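Please consult the sequence and the structure shown here alongside the text.

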Amino acid sequence: MKDRFNRNITYLRISVTDRCNLRCTYCMPENGVECLTHSDLLTFEEIADFTKCAVSLGINKVRLTGGEPLVRKGITDLVRMIWNIEGVKDLSMTTNAVLLKQFAAQLKEAGLKRLNISLDTVDRDKFIQISRRDLLPDVLEGIDEAINCGFDKIKLNCVVEKNRNEPNALAVAEYAGSKELDVRFIRTMNLDTGEFWVVDGGIGGDCSICNRIRLSAKGDVLPCLFSDIGFSVREFGACEAIKMAVESKPQKGTLSRSHEFYNVGG
Ligand code: SAM
Ligand code: SF4
């Protein structure tokens, strides 16, 4: 699927929930948000049907995200349903790892290949400041369990204010080295004002080579994180919504007043 700027769209990111068990200051307000009702949320069948359509149009790489994907009930079943779709060559998840100790083995068995784990600090007090929850021990146990399960690749995502030389980031880099994990540093972005940067250690944020579309938790196909354009799967049908999104994918992101990281997944 080529867009108007000759970018080949092969990568789908699916936000499976807008709920989360953390409250990261850069992502969610302290008191949480008004969550989608059960009927607003796409069902697993709708997500799987959507993915089949997406694959028939050229998508071959899928990432599950959120909110926190592991708080969606039955998430392992969804992983299995997506991995069983012929044409899905890569299946990964972005998670905060709070529940990973419990889920890692099941996810691996269901077909998940790779994990991106968010870790901004390895200091317990700083973790509480950033995420407003005292759950760093669970996260670190989750990471160890994931390593034991033998995923193809585990990467750490570390959100930084400006760059990798900040104390939290340096400590995360050292921790990553000790576990032989890759780490990417993501400078804090602002959807409202359109401030975004290329990810240090990754390719996210470089519009000229962006190959992504997103499916939001309530079923809008979004061609760009930094744009308000979206097409409802329930209104237009999956294939039509995907085609409309790809045709209207902007050359460059600007800003978005209607998206939040917790409902489109970053
Ligand atoms: N809850 C999961 C997690 O945190 O990994 C998945 C969803 S989260 C929205 C996906 C990614 O977006 C995380 O790596 C998170 O750090 C990043 N993120 C959230 N808000 C951000 C912001 N304002 N700027 C940059 N990255 C952000
Ligand atoms: Fe939750 Fe992830 Fe947002 Fe943190 S970044 S509040 S873990 S969705």
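A residue counts as buried when its relative accessible area is under 20%, as exposed when that area is over 50%, and as partly exposed in between. The model discussed here is predicted.

## Two loop residues

L135 has a relative accessible area of 21% and is therefore partly exposed. This residue belongs to the loop between α4 (124–131) and α5 (136–149). Not counting residues up to four places away in sequence, L135 touches N21, L22, V98 and F127. From D228, which is 93 residues apart from L135 along the chain, the C-alpha separation is 33 Å.

I85 is placed in the loop between α2 (75–83) and β3 (90–95). With a relative accessible area of 7%, I85 is buried, because the limit for that class is under 20%. Neighbours within four places in sequence left aside, I85 is in contact with A48, T51, K52 and V55. For A48, 37 residues apart from I85 along the chain, the C-alpha atoms are separated by 8.1 Å.

## Aromatic pairs

How many aromatic pairs does a search of the whole structure find? The search finds 2. In the pair of F196 and F226, the ring centres are 4.2 Å apart and the planes lie at 25°, so this pair is stacked. The pair links distant parts of the chain, 30 residues apart: F196 is in the loop between β6 (182–187) and β7 (212–215), and F226 is in the loop between β8 (220–222) and β9 (231–232). F226 has 4% relative accessibility and so counts as buried.

F231 and F236 form an edge-to-face aromatic pair, with 6.1 Å from centre to centre and 70° between the planes.

## Charged groups over rings

Two further contacts involve a charged side chain and a ring. The charged end of K61 is positioned over the ring of Y11, at 4.4 Å from the ring centre. R187 lies over the face of W197, 3.9 Å from the centre of that ring.

## Surroundings of S15

S15 is part of strand β1 (residues 11–15). At 1% relative accessibility, S15 counts as buried. Its side chain reaches the backbone oxygen of T17 at 3.4 Å.

Leaving aside neighbours within four places in sequence, the contacts of S15 include T65, G66 and G67. Also among them are L215, S216 and A217, as well as Y262, N263, V264 and G265.

## Ligand surroundings

Ligand 1 is surrounded by 17 residues, the closest being Y26, G67, S118, V159 and M189. An oxygen atom of ligand 1 lies 2.5 Å from an N or O atom in the side chain of S118. An oxygen atom of ligand 1 is also found 3.3 Å from a polar backbone atom of T95.

Which residues surround ligand 2? They are C20, L22, C24, C27, G67 and N96. This shell divides into 4 nonpolar residues, 2 polar residues and no charged residues.

Note on methods: Residues numbered from 1 in each chain as written. Chains lettered and ligands numbered in written order. Predicted model: local features only at pLDDT ≥ 70, side-chain atom pairs only at ≥ 80, totals over all residues. Heavy atoms only, no water. Phe/Tyr/Trp six-rings, centres within 6.5 Å; stacked < 30°, edge-to-face > 60°. Helix = DSSP H or I, 4+ residues; strand = E, 2+ residues; numbered from the N terminus. Buried < 20%, exposed > 50% of the residue type's maximum accessible area, 1.4 Å probe, protein only. Lys NZ or Arg CZ within 6 Å of the ring centre and 35° of its normal. Polar contact = N/O pair within 3.5 Å; in protein donor to acceptor, adjacent residues only side chain to side chain. Contact = heavy atoms within 4.5 Å. Near = heavy atom within 4 Å. Nonpolar A, V, L, I, M, F, W, Y, C, P; charged D, E, K, R; others polar.
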